Amino acid sequence: MHTEQMTRVALMTALLAATAPLSIPLASEVPLSLATLMVMLAGVLLGPKDGAACVVFYLLLGSVGIPVFANYTSGIAILLGVTGGFLLGYIPLAFFSGFFCAGKKTIPMMIMGMALGNIILYVSGTLWFMFFARMSLWSSLLACVFPFLPGDCLKIAAACAIAMRLSPVLDRHFAR
C-alpha cells in the first residue's frame with residue numbers, strides 16, 4: 001500500500017468511526033445510523049479493495065474496545081451479537097459500492113453498486129438477526145429491512161451527490 005492509499009484509508013476509517021456511533025436506537029435493536037452512508041462513500045471514493053479495507057479496520061477498532069459502533073458501543077460481543085451480520089455486511093457494501101465505479105464514476109453505476117451492496121447487507125444482517133433473535137423471516141424483515149429502505153435510498157442519493165463532488169478533488173490531491 002502506498003502512502004497516499006494509507007492516508008485515504010485512514011481518513012475514511014476515521015470518518016466512519018466518527019459518524020457511525022451517531023445513531024437512533026430502534027425497538028428492533030438494529031439502530032438507524034450514518035454508518036451505511038460512510039461505508040458506501042468509502043467504497044466509491046477509495047475503490048473496492050481499499051473501501052473494504054477501511055471497513056475491516058473500523059470493525060477491528062470496534063472489536064478491541066474503541067466505541068465506534070452504533071450508540072458508542074464496542075467489543076467483540078457487539079460484533080458477534082444480533083447486529084453482527086449488519087456490521088460484517090459493511091465489507092461487501094463497501095466493496096460493491098466501489099466495484100461498479102472502478103472506471104469512470106457515473107451516477108447509474110454508483111446506484112447499481114450501492115443497491116447491490118445494500119441487498120447483500122440486508123441479506124447477511126437479516127439472516128444473522130433471525131438466528132440470534134430467534135425470529136421468523138417476516139418478523140425479521142419488519143425489524144431489519146422495511147423501516148430502513150426509505151432512509152437507505154436517501155443515503156444512496158446523498159452518497160452519489162457527495163462522491164460526485166469529492167471524487168475530482170480527491171483525485172487531484174492524491175495520485176492513484
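A residue is called buried when its relative accessible area is under 20%, exposed when over 50%, and partly exposed in between, using a 1.4 Å probe and protein chains only. Cys 160 is buried, with a relative accessible area of 3%. This is a predicted model, in which local features need pLDDT of at least 70 and side-chain atom pairs count only at pLDDT 80 or more, while totals for chains, interfaces and linings use all residues. Residues are numbered from 1 along each chain as its sequence is written, and side-chain values use heavy atoms, with hydrogens and water left out.

Stay with the cysteines. A disulfide is a pair of cysteine sulfur atoms within 2.5 Å. By this rule the model has zero disulfides. Cys 101 is in none, and its nearest cysteine sulfur, in Cys 160, lies 7.6 Å away.

Now turn to the helices. Helices are DSSP runs of H or I with at least four residues, and strands are runs of E with at least two; both are numbered from the N terminus. Helix H1 covers residues 3-19, and it packs against H3 at an angle of about 50 degrees, with the axes 9 Å apart. Axes are lines fitted to C-alpha atoms, for helices over the stretch in contact, and angles run from 0 to 180 degrees between N-to-C directions. Angles under 35 degrees count as roughly parallel, over 145 as roughly antiparallel, 65 to 115 as roughly perpendicular, and the rest as oblique. H1 and H3 are therefore oblique to each other. The residues in this contact include Val 9 and Leu 16 of H1 and Ala 53 and Phe 57 of H3. Contact here means heavy atoms within 4.5 Å.

H3 also meets H5, a helix of residues 84-99. Their axes come within 7 Å and cross at roughly 160 degrees. H3 and H5 are therefore roughly antiparallel to each other. Among the residues that make the contact are Pro 48, Ala 52 and Leu 59 of H3, with Ile 91, Ala 94 and Phe 99 of H5. By class, this contact has 13 nonpolar, two polar and one charged residues. Ala, Val, Leu, Ile, Met, Phe, Trp, Tyr, Cys and Pro count as nonpolar, Asp, Glu, Lys and Arg as charged, and the others, Gly among them, as polar.

Pro 48 sits in helix H3, which spans residues 48-63. Pro 48 is buried, with a relative accessible area of 17%. Leaving aside neighbours within four places in sequence, Pro 48 touches Gly 43, Ala 94, Phe 95, Gly 98 and Phe 99. Leu 80 is 32 residues from Pro 48 in sequence and 24 Å from it in space, C-alpha to C-alpha.

Move on to helix H6, residues 107-133, where Asn 118 is found. Asn 118 counts as buried, at 4% relative accessibility. Not counting residues up to four places away in sequence, Asn 118 is in contact with Met 40, Leu 93, Asp 152 and Ile 156.

H6 packs with helix H7, residues 137-144, at about 120 degrees, and their axes are 9 Å apart. H6 and H7 are therefore oblique to each other. Tyr 122 and Phe 129 of H6 take part in the contact, as do Leu 137 and Leu 141 of H7. The residues of this contact divide into seven nonpolar, two polar and no charged.
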